[in-house]
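Thanks for making time this morning.

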Amino acid sequence: MPGGLWLSCPFCKNMLYKKTVDENMGICPECEHHFRIDGVTRTSQLVDEGSFEEIGPDLASNDPLKFTWGDKNYKDRIKVDPAQMSAHEAMLAGKAFIRGRGVMLAVMNFDFLGGSMGMVVGEKFCQAVDRAIEESLPFVVICCSGGARMHEGLVALQQMAKTSAALARYDEAKGLYISVLTDPTTGGVAASFAMLGDVIIAEPKALIGFAGPRVIQQTIKIELPEGFQTAEFLLEHGFVDMIVHRKKLRSEIGRLIDYCGK
Ligand SMILES: [Zn+2]
């Protein structure tokens, strides 16, 4: 069987034809499991067709640690392929329209180094915030990340403070910040901008948390509750405002923007 044509759903275990899943917005037609989707696909699902004006697509890390692992090095891994500019980093940002409402949008791309946050993610995020302040636009962020990018060490961790400070400026300017948590939203992203939304939306069953369950269990030595770190658990405990099905995300964002008068 040729590879890549079929995939197995991790929840209902059905074998699915990949094209059918793609045409269904990356959702399992049998059990509604939301598969991870890349940043470019996510952007095209969300915005009004042809309305996305990207900012900083050519931003690239300067590899501050000259990081290598095994026979690989970070510098080669992040080399920009001009044909795949938008997909070459862990975030795409730009101005767009969602159901006719103007927004600044930042979308994380898990396919690029696990959606990890380094200097480029931080910089695109802050440029998007500045534009949102200048043009009085709502700011919508789709989170999907394994955390801070270890290849950039402390510079990556610094992005947590940088993005949070930008959001504090945005808050002072009375902006509306909608944060959408998708599977997975973890580590340094969960501990900074992901959780600072005026409204926090999550996709069904998304994994959301800081450290993984095994690390927590070994550290605090207690049994973790059922469903710990899922979107549903966090909704019940007040960390998430609503869970929205991927097919309703566009209309829900539009509704929230209207409701908040932005
Ligand atoms: Zn399924």
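This is a predicted model: local features need pLDDT of at least 70, side-chain atom pairs count only at pLDDT 80 or more; totals for chains, interfaces and linings use all residues.

Let me begin with the largest nonpolar core, which has 39 residues, and in which F125, F139, V141, Y177, L181 and F193 touch the most other members. By a nonpolar core I mean a set of buried Ala, Val, Leu, Ile, Met, Phe, Trp, Tyr and Cys residues joined through side-chain atoms within 4.5 Å, where buried means under 20% relative accessible area, exposed means over 50%, and partly exposed is in between, with a 1.4 Å probe and protein chains only. Residues are numbered from 1 along each chain as its sequence is written, and side-chain values use heavy atoms, with hydrogens and water left out.

Among the elements that give two or more residues to this core are strand 6 (91–98), strand 7 (101–108), strand 8 (139–145) and helix 5 (153–172), and helix 4 gives the most, with six residues. Helices (H or I, at least four residues) and strands (E, at least two) are DSSP runs, numbered from the N terminus. If you centre on F193, its contacts, meaning heavy atoms within 4.5 Å, include M91, F125, V141, L167 and Y177, not counting residues up to four places away in sequence.

Turning to the sheet, seven strands form an open arrangement in the order 3-6-7-8-9-10-11, with mixed pairing, where two strands pair if DSSP finds at least two bridges between them. Strand 3 (53–55) and strand 11 (242–243) each have a single partner strand and stand at the edges, so one side of each is left without a neighbour in the sheet. Strand 10 and strand 11 pair in the parallel sense over two bridges, and the bridge partner of I201 in strand 11 is M242.

Some backbone geometry deserves a careful look, given that most residues other than glycine have a negative phi, and most peptide bonds are trans. The peptide bond from D183 to P184 is cis, with omega near -5 degrees, and P184 is found in strand 9. K205, which is not a glycine, has a positive phi of about 60 degrees, and is partly exposed, with a relative accessible area of 44%.

Which residues donate to the zinc ion? The protein donors are C9, C12, C28 and C31, each through SG, lying 2.3 Å from the ion, where donors are N, O and S atoms within 2.8 Å of the metal (3.2 Å for Na, K and Ca), and since water is not among the atoms, sites may look incomplete. The four donor atoms subtend angles of 105 to 114 degrees, which makes the arrangement tetrahedral; four donors count as tetrahedral if all angles lie between 85 and 135 degrees. C12 lies in the loop between strand 1 (6–8) and strand 2 (15–17), and C28 in the loop between helix 1 (18–23) and helix 2 (39–46), so the pair ties together parts that are 16 residues apart in sequence. Finally, C12 is partly exposed, with a relative accessible area of 27%, whereas C28 is buried at 0%.

Terms used. Four donors count as tetrahedral if all angles lie between 85 and 135 degrees; four count as square planar and six as octahedral if opposite donors are over 155 degrees apart and all others between 65 and 115; anything else is irregular.
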